[in-house]
Amino acid sequence: MKIKLVMLVCGVMAFWFQSSFAQTTEQKSPVYSHTDTNKVTTSETEWKKILPAEVFQVARLKGTERPGTSKFETSKEIGTYYCAVCGNPLFKSDTKFDSGCGWPSFYEPITKTSIVYHTDKTLGMVRTEVTCGRCKSHLGHVFDDGPPPTGLRYCINGVVLDFEKAKTAEKSYSKKHKKDTSGGK
């Protein structure tokens with residue numbers, strides 16, 4: 001019984017530490033901005049110090065998160081998706097769709113310069129890798145099996161995404177919700 005309790009406490013402490021570490025490392029990023037369009041030239045050594053381990057693994061080492069683990073995969077919230085590494089705007093939520101692939105999917109980036117395309121010949125196949133147009137972090141891949149109007153599916157690792165709700169949508173929802181709870185007054 002004592003062993004189970006100790007394991008539980010250790011697990012909770014590890015989760016708390018990881019959550020706290022991720023929050024403080026994100027706050028330390030000197031390049032994170034939703035408005036700065038300057039290219040980022042941070043060294044891999046510095047990225048490793050700044051980024052949480054799971055973000056560094058995907059963004060800088062071209063890793064892949066497990067399918068079905070992203071909180072953004074099934075999200076229906078209205079807003080903007082940003083690069084979690086540098087804050088570069090990447091996708092609007094109205095271009096997000098359920099592709100069933102296990103990762104958040106979009107059919108169009110915000111601008112042509114939000115994303116950079118590279119040929120990826122790893123794993124015995126040829127694919128198109130997509131990286132952040134500002135910091136060059138690995139985001140995922142783009143495929144030509146998406147919906148209209150582009151026919152593209154940007155399959156993006158959720159761990160390298162940040163999300164900000166649309167302010168007008170949030171205000172509208174809050175206003176409507178307030179009316180509903182006050183009897184329409």
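Two residues are in contact here when they have heavy atoms within 4.5 Å of each other. With that in hand, welcome to this predicted model.

**The nonpolar core**
- The largest nonpolar core is made of 27 residues.
- Trp47 is among the residues with the most contacts inside this core, along with Val85, Phe91, Cys135, Leu139 and Ile156.
- Both helices and strands give two or more residues to the core, including helix 2 (44-50), strand 1 (79-83) and strand 7 (138-143).
- Helix 3 gives the most, with 4 residues.
- In soluble globular proteins, nonpolar side chains tend to be buried together.

- Six strands form an open sheet in the order 3-4-8-7-6-5, and their pairing is antiparallel.
- Strand 3 (96-97) and strand 5 (115-120) are at the edges with a single partner strand each, so one side of each has no neighbour in the sheet.
- Strand 3 is joined to strand 4 (residues 105-106) by 2 bridges, and the two strands run antiparallel.
- Phe97 has Ser105 in strand 4 as its bridge partner.

- Look for Lys136 in the loop between strand 6 and strand 7.
- Lys136 counts as exposed because its relative accessibility is 63%, and the cut-off for exposed is over 50%.
- Beyond its neighbours within four places in sequence, Lys136 is in contact with Arg60 and Thr131.
- Lys136 and Arg60 are 76 residues apart along the chain, yet 8.4 Å separates their C-alpha atoms.

Note on methods
Residues are numbered from 1 along each chain as its sequence is written. This is a predicted model: local features need pLDDT of at least 70, side-chain atom pairs count only at pLDDT 80 or more; totals for chains, interfaces and linings use all residues. Side-chain values use heavy atoms; hydrogens and water are left out. A nonpolar core is a set of buried Ala, Val, Leu, Ile, Met, Phe, Trp, Tyr and Cys residues joined through side-chain atoms within 4.5 Å. Buried means under 20% relative accessible area, exposed over 50%, partly exposed in between (1.4 Å probe, protein chains only). Two strands pair if DSSP finds at least two bridges between them.
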